[in-house]
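The sequence and structure come before my entries.

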Amino acid sequence: MGKLDGRVVIVTGAARGQGEQEARLFREEGARVVVADVLDDQGEDLAKELDARYVHLDVGREADWTAAVAATKEAYGKVDGLVNNAGILRFNALLDTPLEEFMQVVQVNQVGCFLGIKTVAPHIAAAGGGTIVNTASYTAVTGMAAVGTYAATKHAILGLTRVAALELAGRHIRVNAMCPGAIDTPMSNPSRLDPSADVEEMAEALDGLYRKLVPLGRIGQPREVARLALFLSCEDSSYITGQPFVIDGGWLAGVSLI
Ligand code: NAD
């Protein structure tokens, strides 16, 4: 018996990184999965490997959401789970951030999450209820210099999560958020996307950094975040809604002077 037997879940940004691991783990646990992304080749390949369905979904575009839900229902008859995982990161001091860049990040991270809830929740309700998991960040609950735009959108995702939990509980939909710290994906380690880069060398450098910053002494793995997404999407979390879950190796616990 899988923890998600009989469920149908859309995972956004699922072509790589944390979303890919969520799609893999959810399939292992019995869910029918819709891999949604803008990276069509990678998404198609993953969907083929997992016996899943791929849809092209730019989370900032409402028409794409409508089409993605229609494709999901056509393939699997219903949708009763959503993982809003897609996100982008830009580094800039606030005073140097062009408005265009700010709005680009808002459109993907914040509007994307809003449109996901707005479009998919009525269909989850029609299926008798289910779950929504939003991907916020460590920077949703504390500040971090040079990622102000990103942090603003991730704080906003926690607001959306709490309000959606209140408004959707009566329709049997639980809504929670994950707040990952540093996780080893192309977002935190862009050398993973550069064929000429020494990925191991970069990973070691990052590991050295996180050994100092993170009490557990290492960067997190996307599979560890996928396990949290699974917990929040299955019956193990049946009495939990509206909450942010920090998964950061203890980074947020404080600073150590020793
Ligand atoms: P990643 O860059 O490897 O993956 C992000 C995925 O989102 C990619 O497949 C990308 O194509 C997709 N995406 C980007 N824009 C999109 C759009 N408009 N529509 C649909 N898909 C789109 O990064 P990741 O680390 O796997 O990130 C997953 C989530 O976790 C993001 O929301 C990110 O902000 C969050 N997060 C990551 C970290 C980290 O350290 N890696 C920490 C905290 C939170």
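For burial, I took a residue as buried when its relative accessible area is under 20%. The model I am reading is predicted.

Entry one. I searched the whole structure for aromatic pairs and found two. For Tyr138 and Trp251 I read ring centres 4.1 Å apart and planes at 20°, so I noted this pair as stacked, the planes being under 30 degrees apart. I then looked up where the two residues lie: Tyr138 is in the loop between strand 5 (130–135) and helix 5 (148–168), whereas Trp251 is in the segment after strand 7 (244–247), and the pair thus links distant parts of the chain, 113 residues apart.

Entry two. I checked burial for both partners: Tyr138 has 10% relative accessibility and counts as buried, and Trp251, at 14%, counts as buried too.

I turned to the pair of Tyr210 and Trp251, which is edge-to-face, with 6.0 Å from centre to centre and 75° between the planes. Tyr210 belongs to helix 6 (residues 199–213) and Trp251 to the segment after strand 7, so this pair ties together parts that are 41 residues apart in sequence. I found Tyr210 at 10% relative accessibility, which makes this residue buried as well.

Putting the pairs together, I recorded Tyr138, Tyr210 and Trp251 as a cluster linked by ring pairs.

Notes:
Residues are numbered from 1 along each chain as its sequence is written. This is a predicted model: local features need pLDDT of at least 70, side-chain atom pairs count only at pLDDT 80 or more; totals for chains, interfaces and linings use all residues. Side-chain values use heavy atoms; hydrogens and water are left out. Rings of Phe, Tyr and Trp (its six-membered ring) pair if their centres lie within 6.5 Å; planes under 30 degrees apart count as stacked, over 60 as edge-to-face and the rest as tilted. Helices (H or I, at least four residues) and strands (E, at least two) are DSSP runs, numbered from the N terminus. Buried means under 20% relative accessible area, exposed over 50%, partly exposed in between (1.4 Å probe, protein chains only).
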